[in-house]
Amino acid sequence: MISIALFASGTGTNALNLLDKVRSYPKLKICCLIIDTDTSPLPEIVKAKYPDLAVHKILPNMELDKKDGRNDHEARVIEVLAGHEVKWGMLAGYMRIIGPRLLNYFGMQRLVNIHPSLLPSYTGLHAFERAFADGVKESGITIHLVDEGMDTGPILLQRSFPRLPTDTLSDFIQRGKDIEWELYPEILKQLNQSALGA
Ligand code: GRF
């Protein structure tokens, strides 16, 4: 059995989608959800839908400076991951830059992120909005391994989608989200087939 931890900060549509899709893969188990904010609606939704899932709200200590704060937060996250014997991690809208401590826990290779652009274009925040504002003819979704940079790790999967002339920003984002919901579960499929060296 491969134990996976999900990480999220926001609305969590990708996290919920993965929780639904993982049920088709007998070798995989999403054993916990790590949330780093007080504002996400996810804990309530998950509690109702997946009452057996361990949800850990781990908030950063705002009194520490940037570097110590990250270290301290990651140490607390790792304690939880170790308790669940987590092997793989999937970031699903987790709004933190991952530091060396957590990267080391995953051996620099078992932590995956989804990003709403055709990386290496539009790293960072508001990628859909920035691509749309630039009038791109196509954009895309990328799934990559996490390294110490921001959205810079090795690419595992990428799929493009067109921007249609009649698109509003919300049409464009919706087209991207539909692809996110199809593409991220591909990682589960590959993990279940041991195709990612799991
Ligand atoms: C997604 O667009 C994902 O690509 C990015 O953060 C967003 C999370 O959306 N990393 P949701 O919370 O899963 O709906």
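Lys 47 and Glu 44 sit 3 residues apart, about one turn, in helix 2, residues 42-49. Helices here are DSSP runs of H or I of at least four residues, and strands are runs of E of at least two, numbered from the N terminus. This is a predicted model, where local features need pLDDT of at least 70 and side-chain atom pairs 80 or more, while totals for chains, interfaces and linings use all residues. Residues are numbered from 1 along each chain as its sequence is written, and side-chain values use heavy atoms, without hydrogens and water.

Lys 47 and Glu 44 form a salt bridge, with the closest N and O atoms 3.9 Å apart. The term means a side-chain nitrogen of Lys or Arg within 4 Å of a carboxyl oxygen of Asp or Glu. Lys 47 is exposed at 54% relative accessible area, and Glu 44 is exposed at 55%. Exposed means over 50%, buried under 20%, and partly exposed in between, with a 1.4 Å probe and protein chains only.

The structure holds 8 salt bridges. Another one joins Arg 159 and Glu 182, at 2.7 Å between the closest N and O atoms. That pair links distant parts of the chain, strand 7 (residues 155-162) and helix 6, 23 residues apart.

Helix 6 also holds Glu 180 and Lys 177, 3 residues apart, and their side chains form a salt bridge at 3.6 Å, N to O. Is Glu 180 buried or exposed? Glu 180 is buried, at 4%, while Lys 177 is partly exposed, at 23%.

Last, Tyr 184, in helix 6, residues 169-192. Tyr 184 counts as buried because its relative accessibility is 0%.
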